Structures are given as structure tokens and as C-alpha cells.
Amino acid sequence: MPVAAFAGPADELSGLFLQACLPYAGKPTALRQWAARAKLPEVTDPARATFLNGAPGKVFDASNAAGKFALLSSDDGICAVVTDHAGDRETEQGLQLALTGAAVKFRLVIERDDKLNPKLHHREYLAARAGRAWRILAATVRDSAPGQAMLTAAPE
């Protein structure tokens with residue numbers, strides 16, 4: 001589902017998530033082939049290791065006119081997209097609108113602040129479409145100003 005060029009960072013994040021993570025979660029080779037076809041450059045160390053928190057995998061730069069974006073592909077099949085400038089509510093709304101628009105059925109199963117850092121907010125969803133199911137985690141910075149946001153998908 002392409003996202004309009006005038007979309008804000010939260011909408012761009014959700015659009016990238018729908019294009020890359022939902023079809024390819026659990027399929028790291030296919031995700032990396034998609035990233036190559038999309039001409040997303042691979043991020044090298046030390047940034048790659050930082051994004052993946054030391055886990056094995058690849059990171060791609062998906063930045064565009066709307067902002068900085070990264071696509072994370074861990075070797076275990078988890079897929080994530082990250083931006084440095086999306087608000088908490090905008091990210092929640094953008095993800096839910098994108099999922100609804102793509103005919104993905106979903107439900108919020110957990111919503112909580114991080115125990116170690118209460119500025120971080122987590123929303124966990126169960127989602128399904130056409131015989132596939134995912135666990136989706138939206139992690140945002142709870143603040144009045146936009147901050148970092150990450151959407152993660154793992155096959156269920």
C-alpha cells in the first residue's frame with residue numbers, strides 16, 4: 001500500500017511497515033531481496049549493530065523526503081521499521097488506519113509503559129489477513145514532541 005508523498009512520518013512509517021514487514025516477517029531472505037529491489041542501501045556497522053542491539057541481521061536505509069527511516073531484518077525473521085520523528089498518538093493512529101485500509105484484522109492485546117523507562121510506551125497487537133498472522137509491537141516515546149517510533153512484526 002503506497003503512502004502519499006505528503007504523508008507525515010507516522011504515516012510513512014506505517015506504509016513502509018505494510019510494504020516490507022507484513023509480507024516478509026519470518027522470511028528474512030525474501031525481505032532482503034525486496035529491499036534490494038526497492039534500492040534501499042544497506043547500513044553498515046556500527047549503526048547496524050546498534051539498530052539490531054547486537055543481534056545478527058541487516059539494516060536498510062529507507063529515508064525519504066518525509067524523514068529518516070530504517071528497515072531492520074533480523075536473521076530470526078523479525079522485521080521492524082524505525083523513525084526518529086513520529087508522535088505516540090500519530091503512530092498509533094497511522095498504524096491502525098494502515099492495517100484497516102489493508103484489510104488486516106487486528107486487536108490490541110497489551111498497552112503499557114516500559115517498566116524501566118516510563119517515557120517509552122508499548123502497544124502489542126495480534127493481526128491476521130488471508131491465512132497469515134502476526135504479532136505487532138508499536139514502541140513509541142510518550143512525549144508532547146515527536147520522537148523515536150518502531151513498528152515490529154513477527155509471524156504468529
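Which exposed residues does the face of H2 turned away from its buried side carry? They are Thr29, Ala36 and Arg37, where exposed means over 50% relative accessible area, buried under 20% and partly exposed in between, with a 1.4 Å probe and protein chains only.

The model is predicted: local features need pLDDT of at least 70, side-chain atom pairs count only at pLDDT 80 or more, and totals for chains, interfaces and linings use all residues. Residues are numbered from 1 along each chain as its sequence is written, and side-chain values use heavy atoms, with hydrogens and water left out.

**Stop 1: helix H2**

Select residues 28–37, which form helix H2; helices (H or I, at least four residues) and strands (E, at least two) are DSSP runs numbered from the N terminus. Pro28, Leu31, Arg32, Trp34 and Ala35 are buried here. Viewed down the axis of H2, these buried residues fall within an arc of 155 degrees, so they line one face of the helix; the arc is that of the directions from the helix axis to the C-beta atoms. Next, display helix H1 (9–24) and the strands E1 (57–61), E2 (69–74) and E3 (79–86), against which the buried residues of H2 pack. Just after H2, lysine 39 takes a positive phi of about 60 degrees.

**Stop 2: H1 against H2**

Keep H1 and H2 selected: they pack at an angle of about 150 degrees, with their axes 8 Å apart. Axes are lines fitted to C-alpha atoms, for helices over the stretch in contact, and angles run from 0 to 180 degrees between N-to-C directions. Leu16, Gln19, Ala20 and Tyr24 of H1 meet Pro28, Ala30, Leu31, Trp34 and Arg37 of H2, contact meaning heavy atoms within 4.5 Å.

**Stop 3: H1 against H4**

On the H1 side, the contact is made by Ala10, Asp11, Leu13, Ser14, Phe17, Leu18 and Leu22. On the H4 side, select Glu90, Thr91, Gly94, Leu95, Ala98 and Leu99.

**Stop 4: lysine 119**

Finally, select lysine 119, in the loop between strand E4 (105–113) and strand E5 (120–129). At 44% relative accessibility, lysine 119 counts as partly exposed. Residues up to four places away in sequence aside, lysine 119 touches Thr140, Val141, Arg142 and Asp143. Lysine 119 and valine 141 are 22 residues apart in sequence and, C-alpha to C-alpha, 5.6 Å apart in space.
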